[in-house]
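Please examine the sequence and the structure shown below before reading on. The paragraphs that follow lead through them step by step.

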Amino acid sequence: MAQADTGYRAAQLRRPDLGPPLRRLTVLAYVGAMIVLPVAALVHEGFAAGLTSLRNALAYPGAIAALELTFTSAAIVAAVGAVFGTLVAWVLVRYRLPGRAVLATLIDLPFAIPTLVTGVMLVTLYGPSSPLGAWLDRLGIQVVFTPIGIGMALCFVTLPFVVRTVMPVLQDLDPAEEEAARVLGASPARIFLQVVLPHLRPAVTAGALLAFARSIGEFGAVVVVAGNIAGHTLTAPVYIFQLTGQFRFAEAAAVSALLFLVSLCVILTTNHAVARWGNRR
Amino acid sequence: MSSAIRLEGITRRFGSFTAVEDVSFEAPSGSITALLGPSGSGKSTVLRIIAGLEVPDAGRVWIEGEEQTHGPVEHRRVGFVFQHYALFRHMTVRRNIAFGLKVGKVPKAQRDQRVDELLALTQLEGLADRYPDRLSGGQRQRVALARALAPRPRLLLLDEPFGALDARVRQELRTWLAELHRELGVTSLLVTHDQEEALELAQRIVVMNEGRVEQVGSPADVYSRPATPFVAGFVGAANVLSGTVISGHVQYGDALVAGADGLADGSPAVAYVRPHDLVLSPVQRSGASVPAQVESVTPLGAVARVRLRLDAMKTLTAELPPSQLDGIAPGSRVYIDLSRASVFAPGDGVSDELSPA
């Protein structure tokens with residue numbers, strides 16, 4: 001039986017099953033048209049003239065600052081999302097919280113509503129004409145048209161990522177380990193940090209990296225809240241949008257390709273990390 | 001002997017399902033008490049209530065004289081061993097065992113010393129730096145036991161500790177646990193569905209069925225003087241004979257079996273007889289005998305199993321030492337003495353067949 005099994009595997013290795021030709025072609029054509037072709041066009045347009053387009057694009061006042069703002073805010077948002085997303089997932093899975101079903105649905109809301117709507121919501125809530133915005137203004141805190149507003153918009157948009165990657169892992173986790181720790185006298189904080197969290201690390205990392213990738217590219221929620229002041233609240237995606245508005249497509253493509261490259265690295269790292277942890281378990 | 005654990009009227013419901021109903025018993029200090037019953041009988045829930053992992057809907061729990069019904073888990077100072085080990089998978093054996101000591105803020109030097117003691121006690125010295133997934137089932141369960149014992153708990157609670165192990169390892173660990181208990185003397189409560197395990201390890205057995213206590217007693221009591229038909233059927237194998245009551249006896253065919261004193265004449269009654277309590281002889285020796293024909297004789301080493309046909313409908317199983325097999329061969333006629341039967345009025349738990357061993 002075992003030998004027959006290996007024999008079959010060896011046969012598979014020698015002659016991998018390519019699948020029916022029509023299905024194979026359809027898949028390749030679809031993925032090619034939807035993903036590979038646009039990416040190729042982007043890279044070609046951005047770097048047809050070598051690094052000139054990129055250099056031109058970055059020479060603009062506020063361009064470097066826009067990239068910096070985009071990457072730092074994405075990093076902070078990913079970290080905040082990792083902490084609170086994990087906490088939300090733990091509470092949702094392990095405690096019989098009243099209104100749990102409602103909360104679970106609310107978590108998914110950012111996936112469903114248009115990101116522009118998110119921006120409008122935040123401006124309505126924190127704008128200078130709202131009571132909350134006016135009160136915060138008197139304390140010297142400004143949300144709208146500042147990096148704080150950008151961070152809040154990104155936190156909103158990326159909230160589901162960590163929660164949704166961590167929840168299934170938590171649901172699969174045998175509560176007996178946590179019970180064993182409780183009987184041994186451990187406090188809830190110790191149980192979470194020393195017993196639960198080590199199992200969640202791959203999922204938290206994956207969720208945070210996805211949130212990071214998403215934050216780099218977020219346009220709709222940011223464009224309304226940020227005010228897009230060059231050198232202050234102008235993010236890279238909004239800058240790209242401005243470049244296209246001025247018909248400077250080569251420069252837009254060069255900056256876009258840069259963002260694409262970073263996103264690609266993040267996705268590859270995520271997949272690699274998840275696979276590695278998956279093997280170790 | 002004082003009671004380390006006292007339960008009074010414990011009831012626990014899950015929705016409309018009553019898992020545990022009005023359970024009361026005491027577990028004497030320094031001994032092993034077994035909670036024995038089929039799966040779903042509520043025994044694990046009782047154990048979890050004692051540990052504080054579940055809260056009873058009614059009733060009270062005392063641990064060493066302190067009421068702990070609603071006491072927080074982390075203050076009860078009990079050790080708990082789970083059926084599937086529940087080891088911390090990302091910690092080495094040493095860190096698993098040290099966990100409870102660390103929580104209890106035991107200084108590092110003492111902690112290391114205690115862990116070493118337990119590694120020696122559980123014969124795990126060479127495995128201190130391994131992770132649980134590199135251990136066999138038996139080794140994992142020993143780590144779980146060492147982890148539970150490290151903070152010197154007042155009670156050791158074992159939830160089907162050998163349930164996930166194969167038969168040979170189970171027997172080894174059982175013998176080893178008995179020795180360990182003689183050495184440490186920690187009050188232990190063992191949940192099991194395996195009557196052999198309960199009879200071998202425990203000094204006191206609480207038999208549970210459908211959330212209720214059927215009988216509390218010594219292994220000898222529970223085995224030889226079952227209080228209910230359920231206990232007679234569950235603890236050890238038993239032949240079951242249904243008959244009618246006549247002046248304090250159960251009539252089965254021509255045989256009259258004593259023991260139905262409380263029951264009214266003419267009412268139905270059931271006699272339970274263990275296979276090794278059936279006495280076979282070539283001639284009728286007492287009024288409690290029935291004639292039968294030997295169907296088969298199966299030698300099983302220390303005993304031989306004899307199938308006996310009473311009539312077209314009914315067979316009994318007897319177990320005899322091979323020295324008593326003279327004159328007993330397939331086809332021979334014998335008389336079966338039923339006088340060692342336990343008699344009950346029919347009720348819950350009565351079945352018409354030989355109950356499983």
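Two strands are said to pair if DSSP finds at least two bridges between them. Helices (H or I, at least four residues) and strands (E, at least two) are DSSP runs, numbered from the N terminus. The structure is a predicted model, in which local features need pLDDT of at least 70 and side-chain atom pairs count only at pLDDT 80 or more, whereas totals for chains, interfaces and linings use all residues. Residues are numbered from 1 along each chain as its sequence is written, and chains are lettered from A and ligands numbered from 1 in the order in which they are written.

We begin with chain B. Strand S7 (residues 155-159) and strand S8 (residues 187-192) of chain B pair in the parallel sense, over five bridges. Leu158(B) stands opposite Leu190(B), which lies in S8(B). In general, the strands of a sheet pair through backbone hydrogen bonds, either parallel or antiparallel. Six strands of chain B form an open sheet with mixed pairing, in the order S6-S7-S8-S3-S9-S10. Its edge strands, each pairing on one side only, are S6 (78-81) and S10 (212-217) of chain B.

The domain assignment of chain B, from an automatic or database source, gives domain 1 (3-230) and domain 2 (237-344). The centres of these two domains of chain B, taken over C-alpha atoms, are separated by 39 Å.

We turn to chain A. Two packed helices are described by the angle between their axes and the distance between the axes. Axes are lines fitted to C-alpha atoms, for helices over the stretch in contact, and angles run from 0 to 180 degrees between N-to-C directions. Helix H8 (residues 147-172) and helix H10 (residues 188-217) of chain A pack at an angle of about 155°, with their axes 8 Å apart. H8(A) and H10(A) are therefore roughly antiparallel to each other, a term for angles over 145 degrees. Residues are in contact if their C-beta atoms, placed from the backbone, lie within 7 Å. Among the residues that make the contact are Phe161(A) of H8(A) and Arg214(A) of H10(A).

Finally, how many residues of chain A are in contact with chain B? There are 14 residues of chain A in contact with 16 residues of chain B. On the side of chain A that touches chain B, the elements giving two or more residues are helix H9 (175-183) and H10 of chain A. The largest share of that side, seven residues, comes from H9(A).

How values were computed: Angles under 35 degrees count as roughly parallel, over 145 as roughly antiparallel, 65 to 115 as roughly perpendicular and the rest as oblique. Two residues are in contact if their C-beta atoms, placed from the backbone, lie within 7 Å.
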